[in-house]
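Here are my notes for your read-through. Keep the sequence and the 3D view open, and check each point as you go.

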Amino acid sequence: MKIKSFLLAALAVLTVSCTGDRDKVLKVYNWSDYIDESVIPEFEQWYLEKTGEEISVVYQTFDVNETMLSKIEKGHEDYDVVCPSDYIIERMLNSGLLLPLDFASIPDSVNYIALNRSPYIQGVFRDINPEIDANAYSVAYMWGTTGILYNTAEVSTEEASTWDVIRNPKFSGRILIKDAPRDVYGPVLIYLRQKELQEGSVTLQELMRDSSDGSIADVENYLREVKDGVLGWEADFGKDQMTKGRGVVSLNWSGDAVWAIEEAATVGVSLDYLVPEEGSTVWFDGWVIPKYAKNQKAATWFIDFMCRPDIAIRNMEETGYVSANGAMEVLESQLDEECEPIDLSYFFPGADSVCVNPVLYPDKAVIDRCALEHDWGADTDKLLAMWARVKGDNASSWTFVIIAVALVAALAAVVASRRNAAQRRRRRSRR
Ligand code: SPD
C-alpha cells in the first residue's frame, strides 16, 4: 500500500477509535494491486455528494484468499466489503458469512450494479451454488483464467501449450508457481486426468469438486517432480521476475500476465500468455459484505460505485485485470485493431467478431475448456496440508543438505585434529 493511503487509513482508524463514529468509516479488504487507488478518494467525494454523508475509506490488502477468509471466519473482523474468489464466495455463502445485498437501497439514478451486470457473469454466479443464488450476495469485480505466462525467446508456443511445461527440465530453476493451492491443484489435476477427460469418464466440472485422497496424492506426486525446478512460489512477485527475465515460465493469472507482458515490452523482454490445450480454470473475484460488517449502507454504495463503467475501465487499465462489467462502454474502451477478431458474444451479446486482446477476453473456445473451482468444505484442510508438505520439503531438503555438509566438515576437523595429535605424539616419542 502506498504511504499516502496508509496514512489516510491510519487516520480513519484513529477517527473511529476517538469518536466511535463507525458509520463514517468504510473498511475495504481487497487483493493487492487490484484497484486504481485514486478512485478511493473519488468514492468518498461521490458518496458525500449523493448521500450528504461523510465517509472515510480504510483500505487494506491481502495476497491470497485464505488469509482474507481466516480473518473473517476465525477473527470475525469487521470489514465492510471484501473481494473473495468464486469458491470462497461459495464457502462464505454455505457458512452463512455473507449479508444479502440491498440493491433496492441504491436510487435508480445511480444504480450501476443492475445496469451493467453481464448476463454471462450472472449465469456463472448462479452456478456457484444451486441452492442459494450468489447474485443476491455478491457482485463480480474482475475475472480471468489461469494459464502459462512465458518468455517467447526461451519457450516455444508448443512447449507452453501443455501444463507439462512446469516440469520441463529445460526451464528448471526459472519456473514460477502461484502460491495459491486451488489455482495450481485444478490445472494439474486436469493435466493428469487427460485420458479420462478424453474418454468422457469424467468432466472438467467433476474434477473441480474432486478432493479425493487419490487425486490429492496424484497432484502431490506431480508437484514433487516440479518443485526442484521452481524459482519461487509467489503471491505477487512472479510478474516482476518475468519482466526482468529471471523467470521464463510462470503459472499465473491472466491479469498478472497482461500487466507483465506490457511492462516487459518496455524493457525489450517478450512475454506471452496462453491457456494450455488440456484445459484450465476460469475464475471470478466478487465484492461481498461479510456478516460482521458495521457499515452496510456505505458498503453497498461502494460496490455500486465500482460498477460505474468509467471506474471499471480505470481499474482495468491500472491492474491488467478484466472487469466483469458488461457495459458496452467497457468493451469499446478495449477495442484494439491490431488483434485478430474473436467471438465474445458469450460476454457481450452480439459481439461475435471483435478485435480485443485475447489474453484479456478469451475466445469462446478457450472458455469452453475451462471450469469454475468449487468449495471443498472441510476437505480444504487436506489440500492445505499437502501444499505445506510439498513446499515445506524444499526447506527440509535444504536443511538436510546444510546439516550433512556441517557434519562432514565437523568429522573432517576431528579426523584432522586426531591425525595432528598422533603426529605430535610420534615426534615426541622419537625425541
Ligand atoms: N493482484 C490481484 C490478483 C487477484 C487475482 N485473483 C485471482 C483469483 C483466482 N482464484
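1. At least three of its residues come from domain 1 (2–136 + 286–327), and at least three come from domain 2 (144–279 + 369–424). The domain bounds come from an automatic or database domain assignment.

2. A word on the model before you go further. It is a predicted one, where local features need pLDDT of at least 70, side-chain atom pairs count only at pLDDT 80 or more, and totals for chains, interfaces and linings use all residues. Residues are numbered from 1 along each chain as its sequence is written, and side-chain values use heavy atoms, with hydrogens and water left out.

3. Which residues are around the ligand? They are Trp31, Ser32, Asp33, Tyr34, Ser85, Asp183, Asp236, Trp253, Trp283, Asp285 and Tyr321. By type, the shell divides into five nonpolar, two polar and four charged residues. Here Ala, Val, Leu, Ile, Met, Phe, Trp, Tyr, Cys and Pro count as nonpolar, Asp, Glu, Lys and Arg as charged, and the others, Gly among them, as polar.

4. Now look at the nitrogen atoms of the ligand. A backbone N or O atom of Ser32 lies 2.7 Å from a ligand nitrogen. Ser85 places a polar side-chain atom 3.3 Å from a ligand nitrogen. For Asp285, a polar side-chain atom lies 2.7 Å from a ligand nitrogen. The ligand exposes 340 Å² when taken alone, and the protein buries 99% of that. Such areas come from the Shrake-Rupley method with a 1.4 Å probe; for residues, only the protein chains shown count as cover.

5. Most residues other than glycine have a negative phi. Asp33 sits in the loop between strand S1 (25–31) and helix H2 (39–51). Helices (H or I, at least four residues) and strands (E, at least two) are DSSP runs, numbered from the N terminus. At 47% relative accessibility, Asp33 is partly exposed. The scale is this: buried means under 20% relative accessible area, exposed means over 50%, and partly exposed is in between (1.4 Å probe, protein chains only).

6. Where is His76 found? Look in the loop between helix H3 (65–73) and strand S3 (81–82). His76 is not a glycine, yet its phi is positive, near 50°. His76 is partly exposed, at 43% relative accessibility.

7. Cys339 is buried at 16% relative accessible area. Cys370 is also buried, at 7%.

8. Glu90, in helix H4 (residues 86–94), is buried at 7% relative accessibility. Its side chain joins that of His374 in a polar contact of 2.9 Å. A polar contact is a pair of N or O atoms within 3.5 Å; within protein, one must be able to donate a hydrogen and the other to accept it, and residues adjacent in sequence count only if both atoms are side-chain atoms. Thr145 lies in strand S4 (residues 138–151). Thr145 is buried, at 1% relative accessibility. The side chains of Thr145 and Tyr273 make a polar contact of 2.8 Å.

9. Finally, compare sequence with space. Leu176 lies in strand S5 (residues 175–178) and is buried at 0% relative accessibility. Leu176 and Leu231 are 55 residues apart in sequence, and 5.6 Å apart in space, C-alpha to C-alpha. Trp376 is in the loop between strand S13 (370–371) and helix H18 (380–430). Trp376 is buried at 8% relative accessible area. From Trp376 to Arg182 is 194 residues in sequence and 9.9 Å in space, C-alpha to C-alpha.

Definitions and conventions
A residue is near a molecule or strand if one of its heavy atoms lies within 4 Å of it.
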